[in-house]
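Biologist: I am new to this one, and I would like to learn how its descriptions are reached. Could you walk me through it step by step?

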Amino acid sequence: MSFYVTTPIYYVNAAPHLGHAYTTIAADVMARHHRQRGEEVFFLTGTDEHGEPVADAAHALGIEPQELADRNAERFKALAPQLSATNDFFIRTTDPQHEAVVQEVLSRVRENGFVYMGTYEGWYCPRCADFKADNEVDEGNRCPIHHIKLTREQEDNYFFKLSAFQDRLEALYAEREDFVAPRTRYNEALSFIRSGLRDVPLTRHKLTWGVKVPWDPEHVFYVWFDALLNYYSALSYAPAPGGVAGAGGEAGAGGDLTDVFWPASYHVIAKDILRFHTVYWPALLMAAEIELPEHVFVHGYLLMEGEKMSKSLGNVLDPFAVIERFGADALRFYLLRDVQFGQDGSVSTSSFELRYESELANELGNLASRTIGMLSRYRDGAVSRGDLDPALAADFDGLAERVAAHVDRAELTLALDEIWQRVRRLNRYVEEQAPWVLAKDEARAEELDRVLRSLAEGLRSVTVLLWPYLPSSAERLLGALGAPELTLAGAELGAGTIEHVEPLDSLFPKDLQPVDSPPAQ
Ligand code: MSP
């Protein structure tokens, strides 16, 4: 079994912000979960470095696009580990190996008869790097996303015959209802297709910052075709992830992983780039005779004060400030818990702090410290062997499968909720069983043993399942339980044997500075 998940490659015209962090975190949760299932996993992220958005930003700073790209690519590269994201490779579209694949694949598209020379006339947003039809621009000919005034462009370009794929795309959507999720996004993509596809520019003449068109070096490829191909090109030169033998290559050597990981299992994106991924991308792959990805999952926007967060709108919540004060785990948890994955949701420092305190500190943190505390106090840390409480066990029955089924559909918030209900169940169990009462009565020692064992095992089970969301905290906690096993099969209640627990410092300390206060001197 192999699993290949991607994030969009981010534009290097600006620094990373919470919106980018969000997608990377979500893809990482999926990658980690699938690794827990023992699958061969490849997780790709990277940067989109060509095109007008980057060229314009560089010129505004008085530097060359390559310099801006180098500078900002480093910042995106550094973001992933700060989020505890475990990407297997970081692709840059200025990698020469990527450029060669773009040239090769798009030449094939031309040889297959899907490219012709034409004249483009219409609206163009340099921030989106997107051509817009008359009915797609706001009043005053403004970009509906960036609100900037658009210019009408006229250019001789090579075109991609998107219209030739009308029937095949409709057939794809009819045959594979899970190609795009959630359903609202599937419907949106399908209705765009049904409204009638028009051919789109494949190259740009005015621009020089891009991959050169091999059959006409006066042109560069339109940045979106260059960018989309990253998902495919990366596999041809990325080093094999640990444990995977690349066809003909080994880690660091750049083996060809295409046979192992293509087609991609999931492209995770936000709705701003829906059309490129759900219409252009499958059509392009069809034109190049490459197999289509399995799923595109389209999540919503993180909103602040009702507007999509973006650098150009200047309303950015700094993920680094959150991480610095509370750690990456807390950010990961908050974003996937508070905003239903797949829908838009508002984020704020106050709702972050509320979740941190009420759920991470008071629910999971307390459960861990109570369980370990009582085992230390009453049993010197030793966990007895024997049966688990059947009533509690019944409430955990099939949990790992349900979580897996949700993650299979990229329902990351629902999966987390399944787990969190068990965290709450365990806290109720403590209250119901009142181990402190049992501990006072020697005659009930066996009962106490069973309650403590059930609690420890329940805690272990939820912690294994929480690992993709809270990797560092989960590892610390499993370490204290003496049960480092992370596989999903091992998440079953009763699958592990905890013999002895060790004391643990508070997992989610409460005496932290609020997010928006200045750091303590
Ligand atoms: N370079 C293109 C993508 C090419 S993929 C072949 C691009 N880059 S981007 O830097 O603008 O990144 C857009 C993506 O960043 C979104 O699709 C989403 O994954 C993430 N997000 C950016 N802002 C976001 C929010 N406010 N909310 C949610 N996701 C956000 O488009």
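Modeller: Gladly! Let us begin with a cut-off: an angle over 145 degrees between two axes counts as roughly antiparallel. Keep in mind that this is a predicted model.

Biologist: Thanks! Why are H18 and H19 called roughly antiparallel to each other?

Modeller: Helix H18 spans residues 445-466 and helix H19 residues 471-480, and they pack at an angle of about 150°. The cut-off is over 145 degrees, and H18 and H19 are therefore roughly antiparallel. Their axes are 9 Å apart, and the crossing is left-handed.

Biologist: Which residues in H18 and H19 meet there?

Modeller: From H18 come Leu459, Arg460, Thr463 and Val464, which meet Ala474, Leu477 and Leu478 in H19. That contact divides into five nonpolar residues, one polar and one charged.

Biologist: And what makes H16 and H18 roughly antiparallel?

Modeller: H16 and H18 pack at an angle of about 165°, with their axes 10 Å apart. Since the label applies over 145 degrees, H16 and H18 are roughly antiparallel. Here too, the crossing of H16 and H18 is left-handed. Among the residues that meet are Trp420 and Tyr429 in H16, and Gly458 and Leu459 in H18. The contact of H16 with H18 holds 13 nonpolar residues, three polar and one charged.

Biologist: How do you know whether Ala80 is buried or exposed?

Modeller: Buried means under 20% relative accessible area. Ala80 has 3%, so Ala80 is buried. Ala80 lies in helix H3, residues 65-82. Leaving aside neighbours within four places in sequence, Ala80 is in contact with Ala85 and Asn87. The C-alpha atoms of Ala80 and His20 are separated by 9.9 Å, although these residues are 60 apart along the chain.

Biologist: Now helix H15: which of its residues are buried?

Modeller: In H15, residues 399-408, the buried ones are Leu399, Ala400, Val403, Ala404, His406 and Val407.

Biologist: Why can you say that the buried residues line one face of H15?

Modeller: Look down the axis of H15: its buried residues fall within an arc of 160°, so they line one face of the helix. What covers these buried residues includes helix H1 (18-36), helix H14 (390-396), helix H16 (412-433) and H18.

Biologist: What comes just after H15?

Modeller: Just after H15, Ala410 takes a positive phi of about 60°.

Note on methods
Residues numbered from 1 in each chain as written. Predicted model: local features only at pLDDT ≥ 70, side-chain atom pairs only at ≥ 80, totals over all residues. Heavy atoms only, no water. Axes fitted to C-alpha atoms, helices over the stretch in contact; angles between N-to-C directions. Helix = DSSP H or I, 4+ residues; strand = E, 2+ residues; numbered from the N terminus. Parallel < 35°, antiparallel > 145°, perpendicular 65-115°, else oblique. Left-handed = near helix turned anticlockwise from the far one by under 90°. Contact = heavy atoms within 4.5 Å. Nonpolar A, V, L, I, M, F, W, Y, C, P; charged D, E, K, R; others polar. Buried < 20%, exposed > 50% of the residue type's maximum accessible area, 1.4 Å probe, protein only. Arc of directions from axis to C-beta.
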